[in-house]
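Open the structure in your viewer and keep the selection tool ready.

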Amino acid sequence: ITWSCCFSAGLMEADKKPRSQPRSPWSDLPLDIGGVVFSRLPRYADRAAFALVCPQWRDAARRQVLTLPLPLPVLALPDGTFYSIFYPKLYSFPGCGFAGYESVCDSWLVFPRDDGCFLVNPFSRASFMLPALSSVRLLPPNAVAKWSLEDGSQVADPYITWMHINTSEKLHISKLLLCSPNLVAALVGIGHTSQILMCQPGASSWSVRAYDQCKGFEDMAFYQGKLYTIANDENLLVVNISQDHSTGDPQVSRIGQIIKGEPWYPAVFEDDTMCCKKLYLVESHGVLLMARRTIMCRVPGPGAVPIEVAGLTGFEVYKADFEHSRWVKVSTVGDDQLLFLGRRCSRAMSVSQYGLPGDYILFLDDDEENRMDYCYDRENTSFGAYKLGSDGVLFPHPYISWKLCDEMRLAAWLFPRDP
């Protein structure tokens, strides 16, 4: 498939030039016709521009929103650049100058601060605050870190908990979910080690089970009213949630294993290559999927950091079989589905109505700081496209790329909402 032929073409742009007429002729467009025009615009940029032309067009847009599929996602870079990827030429989304975000949640950019965690929607200008990572309510409240000595060194006893990492300067949010209007869940940690924190918007603090073992959580998803996480051992865990009796705030009451993953250990082969992996959770057509990305790397020498071999990557996708507590491999994600996968935000979307090919996975090189399993052998990157069962990766957009430096690894999918 030639992806450049699949990009949407001929989309309408609203005329934003100043006019001398006292009344804009655009407002004479009947609402039903305006609704038809709006329904043909897959890009959020075009939908937003349409709604800004005049109050009548905005009314037409609002009437169509509930009957239309979600707008296509935007690719966001931390320097404040936004790209509409399904377009035949370079298009920088007219954002609001927001740069330096550290995470993404659906249509929200996340800016951790000393006084709180600031979330802003760059499209609608809406914003709200979450507690700062320094404000955490412990369960139990008198929890302390426990240590032991081994060979003269202090080590966590019996394993690493929140109390061993909570004062680190490298503490950061690696995943944030707005599960419901009253529930926010976050994976917070350092490097490969993290813990689950919870709060509700407007609360003064997060809550955490202080003595639970920190794990190498890879991803988290809110599926059919329940919160699930997956660790690097591919075990699927369900997070039971209760309310604090005195404050009513949400808190983790128990974490239980639902599916046991099969062991998957990286090994160096005879040709000095090895496989690394990344895991993602995403819901598609009412099914919870695990996508496993494998990256072939070469190992320059003993003790050296593996280096990615450009283009040699692949995906396997499994659905959660809750009845038999197992992962079941699937051969397709659906002829009308695209999986947008990223460390910070992932989603499955139906795209047949946009004339785009389905059964593809679109993914990012979006590693976290201090969580690198390998280095890159190239300076620049872009989003990649992979079709299940194929033997190669496409880099479909010749105009979009960014440097693989530390600050730009935070590239993310942003899923805007209609005006």
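This is a predicted model: local features need pLDDT of at least 70, side-chain atom pairs count only at pLDDT 80 or more; totals for chains, interfaces and linings use all residues.

**Stop 1: the cores**

Select Leu75, Ile85, Phe340, Leu362 and Trp413. These residues have the most contacts inside the largest nonpolar core, which has 35 residues. Now colour the elements that give two or more residues to this core: β1 (74-76), β2 (82-84), β5 (108-113), β6 (116-120), β23 (337-341), β25 (360-363) and β29 (412-414). Next, pick Cys105, Val110, Leu119 and Trp206. They belong to a second, separate core of 25 residues. In soluble globular proteins, nonpolar side chains tend to be buried together.

**Stop 2: the largest pocket**

Show Asp106, Phe222, Glu283, Ser346 and Arg347. Of the 26 residues that line the largest pocket, these lie nearest its centre. The space inside comes to about 580 Å³. Which element gives the largest share of the lining? That is β11, with 5 residues. By residue class, the lining holds 15 nonpolar, 6 polar and 5 charged residues.

**Stop 3: alanine 221**

Stay on strand β15 and select alanine 221. Is this residue buried or exposed? Its relative accessibility is 10%, so alanine 221 counts as buried. Display what it touches beyond four places in sequence: Leu177, Lys226, Leu227, Tyr228, Leu281 and Leu288. Then draw a C-alpha to C-alpha distance from alanine 221 to valine 238. The two are 17 residues apart in sequence and 9.9 Å apart in space.

**Stop 4: threonine 229**

Move to strand β16 (residues 226-231), where threonine 229 is found. Threonine 229 has a relative accessible area of 0%, so it is buried. Leaving out residues up to four places away in sequence, its contacts are Ile196, Phe217, Asp219, Met220, Asn235, Leu236, Leu237, Val239 and Leu281. Leu281 is also among the contacts of alanine 221.

**Stop 5: two loop residues with positive phi**

Select glutamine 224, in the loop between β15 and β16. Phi here is positive, about 50°, although glutamine 224 is not a glycine. With a relative accessible area of 58%, glutamine 224 is exposed.

Now go to histidine 285, in the loop between β19 and β20 (287-298). Its phi is near 55°, again a positive value in a residue other than glycine. Histidine 285 counts as exposed, at 56% relative accessibility.

**Stop 6: the cis peptide bonds**

Show the backbone from leucine 139 to proline 140. The peptide bond there is cis, with omega near 0°. Proline 140 sits in the loop between β8 (136-139) and β9 (147-150).

End at aspartate 157 and proline 158. A cis peptide bond joins them, with omega about 0°.

Notes: Residues are numbered from 1 along each chain as its sequence is written. Side-chain values use heavy atoms; hydrogens and water are left out. A nonpolar core is a set of buried Ala, Val, Leu, Ile, Met, Phe, Trp, Tyr and Cys residues joined through side-chain atoms within 4.5 Å. Buried means under 20% relative accessible area, exposed over 50%, partly exposed in between (1.4 Å probe, protein chains only). Helices (H or I, at least four residues) and strands (E, at least two) are DSSP runs, numbered from the N terminus. On a 1 Å grid over the protein atoms alone, a cavity is a set of points where a 1.4 Å probe fits but cannot get out, and a pocket is an open set with protein on both sides within 12 Å along at least five of seven lines; lining residues have an atom within 4 Å of a point. Grid points are joined across faces, edges and corners, and a volume is the space filled by probe spheres set on the points. Ala, Val, Leu, Ile, Met, Phe, Trp, Tyr, Cys and Pro count as nonpolar, Asp, Glu, Lys and Arg as charged, and the others, Gly among them, as polar. Contact means heavy atoms within 4.5 Å.
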